[in-house]
Amino acid sequence: MDNKSLNRRSFLKRGLVATAGAALFPSVIPASAMGRNGFVPPSDRIVMGAIGVGGMGRHNMNQFLKNKAVQLVAVCDVDERHNKIAKDLINKQYGNKDARSYKLFTEILEKEKMDAVTMALPDHWHGIIGVATAKKGLDIYGEKPLARTILESRAIVDAANKNNIVWQTGSWQRSRPNFYKAALLVRNGVLGKISKVEVGLPDGRASVGIKGIQAPPPEVDYDLWVGPAPKVPYRGILHFDWRWMMDYSGGQLTDWAGHHVDIAHWGLDYDKIGPSEVKASGVFPVDGIYDVPVEYLIEAKYETGVEMTIANANYFIERRTSKEWKREKQWTTGMGTTWYGEHGWIHVSRHGIWASKPELLKIDEKDLSLKIYKSADHHKNFIECVKSRQETITPAETAHRSISVALVGEIAMQTGENLKWDYRNERFTNSEYANKMLQRPFRSPWKLPEF
């Protein structure tokens, strides 16, 4: 038996701490062991790796580097420049040159003895790498959206459950006080019965002219970056700009649904269900290289009778009354989530929280009978759950249900059909053509790992 099988996290994962108590290890590290500067003994640290260390990946990595309960040891990226920057950050934090780097995700999973991994990848890679990492029994902090397709997203959930791992999705709005307060109030019925919800997401990115075929940057393994997506010549689409290509992402729709649809579901207590009917329309570029919708409108109905409208921000801006426009200036952004009930509405976005009746926002949390999950720090919540083996504030199933609305809507947009969606079995009941779009084909030899 190797050292990893005997470390503190392994005991936690097997549930032995709770049964054996102090005879093994304390379930909470005492202050005396932490020291004055918060030092955590190496044997008690969560050993982590990072897969995908570009912009968002480095941001998440930096958040974990601040946590003294974490020890980052290795990074993995198809871009050598990203790897070097990330390695240097780790080495600077720890004052050594011990960090290791890999290009291929299978190598970091095979060669490193880790407890957890933070992942930030183009959407088309989420399914394969997420499932492969879960199969290794490693806890995962994974970026939203959960995956590019319904079937990949479900595979991640099933792999996480089967391997008993802790999963935190990067839908960090759940760990912010304004979103928490909005969901708490709605869940406690201050609006009465909810009839409809509006979810405003960013307007799409206008396409650019078709770029000529170029040589990929020498520091990037372009073939590996493309991975399971269709192989196309390099035309300058790489970091960040991949979000505007359907082969890799659904644009602002699938990017932001993991935030604002997620909050809509949280307030409705819909973390384990989905819509039953969906229709959608969109405006797609007619030229240029980007092909995700620049405008979109999804109308989803739930078995409960709630109707949800998801659209790019300008759709809502154009429909606000002049009275609302003057009174609620935050609505000029068109962004965020608004619940409408018998007693008014509550709107929340990254700019704040508002209500049709301002006194609703003055209700003290202590006076509300229903409690919901509360987190003040999304990354810290993940680490706490790795230790406790409790569910995070945004586990895989929750993230799956949030993004499913957008993914089903995307299919309705492409088919032009009004679709009946069986969210329990995750199949369309009135369109086999739409069912064929639940998974995008993988380029050989890539496939979802068996788990």
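The chain contains 16 helices and 15 strands, where helices (H or I, at least four residues) and strands (E, at least two) are DSSP runs numbered from the N terminus. This is a predicted model, in which local features need pLDDT of at least 70 and side-chain atom pairs count only at pLDDT 80 or more, while totals for chains, interfaces and linings use all residues. Residues are numbered from 1 along each chain as its sequence is written, and side-chain values use heavy atoms, with hydrogens and water left out.

Of the 451 residues of the chain, 57% count as buried, buried meaning under 20% relative accessible area, exposed over 50% and partly exposed in between (1.4 Å probe, protein chains only). Among the contacts with a separation of 6 or more, 69% are between residues 24 or more positions apart, a contact being heavy atoms within 4.5 Å.

The largest pocket holds about 830 Å³ of space. Of the 38 residues that line this pocket, Met56, Ala120, Leu121, Trp242 and Arg243 are the closest to its centre. A pocket is here an open set of points on a 1 Å grid over the protein atoms alone, where a 1.4 Å probe fits, with protein on both sides within 12 Å along at least five of seven lines, and lining residues have an atom within 4 Å of a point; grid points are joined across faces, edges and corners, and the volume is the space filled by probe spheres set on the points. Helices H4 (55-65), H7 (123-135), H10 (222-226) and H11 (252-268) each supply at least two residues of the lining.

The backbone also deserves attention. The peptide bond from Lys144 to Pro145 is cis, with omega near -5°, and Pro145 lies in the loop between strand S5 (139-142) and helix H8 (150-162). A cis peptide bond also joins Ser444 and Pro445, with omega about 10°, and Pro445 falls in the segment after helix H16 (432-435). Phe240, although not a glycine, has a positive phi of about 75°; this residue lies in the loop between H10 and H11 and, at 51% relative accessibility, counts as exposed. Asp269, likewise not a glycine, has a positive phi of about 60° and lies in the loop between H11 and strand S8 (277-283).
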